Amino acid sequence: MYKRQVIDDDKSIHDTWQIKLLKHFNESDIIHLYKESEIQRFHFNKDDFVLIDYDLRGHRFGIDYILEKKFKNTILVTSNFENQITLDFCNAHGIKMIPKNIVSDITIITE
C-alpha cells in the first residue's frame with residue numbers, strides 16, 4: 001500500500017494534515033518530513049500521495065522535489081498560489097495546487 005507524505009517546514013501544517021488524514025488512514029501510512037536532509041534520505045515510491053510545501057526554507061523548493069522525485073500524486077501546498085510563475089509551472093506539469101491558507105477548511109474524500 002502506498003504512503004501519504006506531508007512535506008512542510010511548518011509544524012502547524014503537519015498537525016492539521018495529521019488530523020485530517022487520520023480520519024481515513026492508519027497512522028503508520030502517514031509520513032511527516034520537515035527538512036531538506038529528511039527529504040534527501042527518504043525513499044519515495046512514485047505512487048505515494050505527497051502534500052508538499054512550495055517554500056521549504058532551504059536551498060530548494062517543493063517544485064524542485066516534485067520534478068526530481070517524479071511524484072505522480074502530488075499537491076503543491078503554497079502561499080504563492082497567485083504567483084503567475086507558480087501557476088504556469090503547475091499547469092505545464094499537471095500539478096494540482098491548493099492555497100496554504102485554506103488547509104484547515106479542506107475535507108478529504110477517499111475513493
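Which residues does Ile-52 touch, not counting residues up to four places away in sequence? In this predicted model, the answer is Ile-7, Gly-62, Tyr-65, Ile-66, Phe-71, Thr-74, Ile-75, Leu-76 and Val-77.

**Strand 3 and its partners**
- Strand 3 (49-53) is mostly covered, with 4 of its 5 residues buried.
- A right-handed β-α-β unit is made by strand 3, helix 3 and strand 4.

**The nonpolar cores**
- The largest nonpolar core has 17 residues, of which Ile-7, Ile-39, Ile-52, Phe-71 and Leu-76 touch the most other members.
- Strand 2, strand 3, helix 3 (62-69) and helix 4 (84-93) each give two or more residues to this core.
- Helix 3 gives the most, with 3 residues.
- Apart from this core lies another, of 12 residues, among them Leu-21, Phe-25, Ile-75 and Ile-106.

**Helix 1**
- Helix 1 covers residues 11-22, and its 12 residues should span 16 Å at 1.5 Å a residue; its end C-alpha atoms are 16 Å apart, so the two values agree.
- Its buried residues are Ile-13, His-14, Trp-17, Gln-18, Lys-20 and Leu-21.
- These buried residues pack against strand 1 (4-7), strand 2 (30-33), strand 3, strand 4 (73-78) and strand 5 (96-99).

Methods:
Residues are numbered from 1 along each chain as its sequence is written. This is a predicted model: local features need pLDDT of at least 70, side-chain atom pairs count only at pLDDT 80 or more; totals for chains, interfaces and linings use all residues. Side-chain values use heavy atoms; hydrogens and water are left out. The expected span of a helix is 1.5 Å times one less than its number of residues. Buried means under 20% relative accessible area, exposed over 50%, partly exposed in between (1.4 Å probe, protein chains only). Contact means heavy atoms within 4.5 Å. A nonpolar core is a set of buried Ala, Val, Leu, Ile, Met, Phe, Trp, Tyr and Cys residues joined through side-chain atoms within 4.5 Å. A crossover is right-handed if, with the strands pointing away from the viewer, the path from the first strand over the helix to the second runs clockwise.
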